[in-house]
Amino acid sequence: MNMPLNCRTLDTPPARNGAYFLLGGLALLANKLRYTLRGYRNPRPFPDTEYARAIAYDQGVVDAWMARLEAYLGQPYELAGKTVLELGPGADLGVGLYFIAQGVARYCAADVNPLAAKVPQEFYKRLVTNLIERGTISAEHADALLAEPELTRAGRPNRLDYRCLADFDLLAFGRNSVDLFVSQAAFEHFEHFQDTARQMAEVARPGALLVTEIDLNTHTRWLRDNDPHSIYRIPEWMYRLCHFPGIPNRMRPNEYVQALRQAGWSDIVVTPITTVSDDYLSEVQSHLATPFRTPEADMSHVHVVLCARYTG
Ligand SMILES: C[S@@+](CC[C@H](N)C(=O)[O-])C[C@H]1O[C@@H](n2cnc3c(N)ncnc32)[C@H](O)[C@@H]1O
């Protein structure tokens, strides 16, 4: 798979620490209000109605996971016949259909928010047409693929099993059943990651793999580009006070590694995808909340991919 796996460094303007602390605090309060009143809605930076963009996004996400897995394993990962579990699929199940089109036996997905529950069938028709045009599937497989989102919506899942789980209890998918765990920009939202890591181990088959991209950046759009570490400036007591559903958990890569290791995962590799510049880091480091000033927090990382293996 020829996908560039280089690491990019963010080009941020000089940090104005006082002003950015204030802006970060205001953004947090505004988000608390917004998410408390409206709930967790569109997770992507574009409307759900932009089908072509959503299809390209879904396919890009899967292709990037596969490229990362290939780099991790030193050889391509064979999807045929596997059971895949996605954690936090978000706005639609395009990822699932793309996996099934590539031969996975079963694609399961767990979310706490039913974001993908009401996607119009028209979206999946466009996706399947695109898969035929790309040569991923032949036209005779279109109907079977298109039946999958309808079956899971009707509560009779076949190869596509999407579940909205308020408690995010992954054991709903059955022990010893999953070959590959995938996730995109969702781990940073999990509230009880230690439990999730343990449950993943329980539903994993021996030899199961995990590939996840974790977005450690501030999620508010303007601040992302100008002050990526905005959320890490806020003291713990204030961050806890402003808690809202979907708030980033502020876990750093070393904490994911530790929780996964404790749950029995091994060969854990974290690779940076995006880092902050040395200049930005030296300007903000002493202005961050205490837990984020330690070397272990490795504040240079703003976007990483984590791969791991469960050997049983
Ligand atoms: C930023 S979205 C990413 C969605 C999708 N993977 C994508 O790339 O567009 C975060 C996902 O995490 C889910 N999520 C938010 N809070 C969660 C929690 N506490 N536990 C589990 N999932 C959560 C959201 O419902 C959403 O599906």
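Biologist: Which residues is H189 in contact with, leaving aside its neighbours within four places in sequence?

Modeller: Contact means heavy atoms within 4.5 Å. By that rule H189 touches Y40, H219, G246, I247, P248 and N249. This is a predicted model, where local features need pLDDT of at least 70, side-chain atom pairs count only at pLDDT 80 or more, and totals for chains, interfaces and linings use all residues. Residues are numbered from 1 along each chain as its sequence is written, and side-chain values use heavy atoms, with hydrogens and water left out.

Biologist: Is H189 buried or exposed?

Modeller: Buried means under 20% relative accessible area, exposed over 50%, partly exposed in between (1.4 Å probe, protein chains only). H189 has 16% relative accessibility, so it counts as buried.

Biologist: Which side chain makes a polar contact with the side chain of H189?

Modeller: A polar contact is a pair of N or O atoms within 3.5 Å; within protein, one must be able to donate a hydrogen and the other to accept it, and residues adjacent in sequence count only if both atoms are side-chain atoms. The partner is the side chain of H219, at 3.4 Å. A polar side-chain atom of H189 also lies 2.6 Å from the backbone oxygen of G246.

Biologist: Where does the ligand lie?

Modeller: Domain bounds come from an automatic or database domain assignment. Domain 1 (1-43 + 185-206 + 220-312) and domain 2 (45-171) both supply residues to the shell around the ligand, so the ligand lies between them.

Biologist: Which atom of Y57 lies 2.5 Å from an oxygen atom of the ligand?

Modeller: That is a polar side-chain atom. For Q184, a polar backbone atom is 2.8 Å from a ligand nitrogen.
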